[in-house]
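Here is a walk through a structure, taken one step at a time. Keep the sequence and the 3D view at hand as you read.

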Amino acid sequence: MIAALTNPARFMAFSRWAAPSLGVIAAILGAVGLWLDFAAPPDYQQGYTVHIMFIHVPASWMSLFVYACLAGASLMGLIFRTALADAAARAAAPLGAGFTFLALATGSLWGRPMWGTWWVWDARLTSVLVLFLFYLGYMALQAAIDDETRAARACAILALVGAINLPIVHFSVTWWNTLHQGSSVFRRDGPTMPATYLAPLLLLGLCYMAAFGSLWLVRIRAEVWRRRAGALAMRAAG
Amino acid sequence: MLDFNAGKYAAFVWPAYALSIVVIGAMVADTLARARRWRREVETREAESGDAARLLIQAPKAEPPSSPKVES
């Protein structure tokens, strides 16, 4: 499987049907998830702001998951020196930045009515902000270095340094006393929320995951084409 | 039954959804535009290099230089 996905020709053949398939799956999951979202009753504590949770929590999951993908692709790029791994890392960064921005913004829109503040410098919020800055830093570094090989290597090292932040984000609510509540889905003793809220949350989480998968594959395809266009331009020039 | 009432929190709920739609929509649009642009670029360049290769193949062979006439 990995060998098939490190070969650009095989990857293009695989992604040609996988990307639209994941897009269709995302659309179906999104439609059902939103239906269950607006069919759910208001929470006894949060009231109607519980609807924000159904889009905030999946965006937060994706902010971590996409960075893990970025760091994994960067590690593969550093070890195996495959152009496809570099392309995968480069393609993941803008998507991760988008999801992390959504996590921060929707969290802020939930926090204002529930906590009485748009922002607080607690461990979870601050570590997610640092994650967002790592995404921006990755993209800025990529754009700042003209030599693609050097840029990929420098960005891969930056991505791996930033990966240290992932467990900090995840465990921040248990390591420190934070205003942000702890995990209520992925717990050893099972989720603490009723099925009426858990179902739309998980469906929208899977929707975001499928949407990312689809967009990531398309962006990697675009990267492969961009490099191919560059190679053709070089051949035509020389 | 669907309930689109957000009560007194509407000013926070709907901007959160609007922002999500805008950001995810922008990610989709940018991704598709990027893919379309580079695929067309490759197609154009491949067509150009194909044309150039065809021109090289079809180019008439140059006439061998005629040997200078020797005055007797």
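A residue counts as buried when its relative accessible area is under 20%, as exposed when over 50%, and as partly exposed in between. Take A:Arg112 as a test case. Its relative accessibility is 32%, so A:Arg112 counts as partly exposed. One caution applies throughout: this is a predicted model.

Stay with A:Arg112 for a moment. This residue sits in helix α4 of chain A. What does A:Arg112 touch, once its neighbours within four places in sequence are left aside? The contacts are A:Thr117, A:Trp118 and B:Phe12. One of these, B:Phe12, belongs to chain B.

Chain B has 72 residues. Its fold has one helix and zero strands. Of its residues, 18% count as buried. Chain B exposes about 5,700 Å², and carbon and sulfur atoms supply 62% of that area.

Now look at where the two chains meet. The area buried between them is about 3,100 Å². Carbon and sulfur atoms give 78% of that buried area. On the side of chain A, three residues lose the most area to chain B: A:Phe38, A:Tyr48 and A:Trp225. Together they make up 23% of what that side buries.

Polar links also cross between the chains. Eight residue pairs are in polar contact between chain A and chain B, with both residues at pLDDT 80 or more.

Charged pairs come next. Between chain A and chain B the count is two salt bridges. In one of them, the side chains of A:Arg219 and B:Asp30 meet at 3.0 Å, N to O. A:Arg219 lies in helix α8 of chain A and B:Asp30 in helix α1 (residues 10-58) of chain B, so the pair joins two chains. Are the two partners buried or exposed? A:Arg219 is buried, because its relative accessible area is 5%. B:Asp30 is at 32% relative accessibility, so this residue counts as partly exposed.

Over all chains, the count comes to ten salt bridges. Several of them meet around A:Glu223. This residue is placed in helix α8 of chain A. At 6% relative accessibility, A:Glu223 counts as buried. Not counting residues up to four places away in sequence, A:Glu223 touches A:Ala87 and A:Arg90.

Follow the link to A:Arg90. The side chains of A:Glu223 and A:Arg90 meet in a salt bridge of 3.2 Å, N to O. This pair links distant parts of the chain: A:Glu223 is in helix α8 and A:Arg90 in helix α4, 133 residues apart. A:Arg90 is at 25% relative accessibility, so A:Arg90 counts as partly exposed.

A second bridge stays within one helix. The side chains of A:Glu223 and A:Arg227 meet at 3.6 Å, N to O. What separates these two residues? They are four residues apart in helix α8 of chain A, which means about one helical turn. A:Arg227 is partly exposed, with a relative accessible area of 27%.

The side chain of A:Glu223 makes a polar contact with the side chain of A:Arg226 at 3.1 Å.

Technical notes: Residues numbered from 1 in each chain as written. Chains lettered and ligands numbered in written order. Predicted model: local features only at pLDDT ≥ 70, side-chain atom pairs only at ≥ 80, totals over all residues. Heavy atoms only, no water. Buried area = accessible area lost by both parts, 1.4 Å probe. Salt bridge = Lys/Arg side-chain N within 4 Å of Asp/Glu carboxyl O. Polar contact = N/O pair within 3.5 Å; in protein donor to acceptor, adjacent residues only side chain to side chain. Buried < 20%, exposed > 50% of the residue type's maximum accessible area, 1.4 Å probe, protein only. Areas by Shrake-Rupley, 256 points an atom, 1.4 Å probe, with all protein chains shown as cover. Contact = heavy atoms within 4.5 Å.
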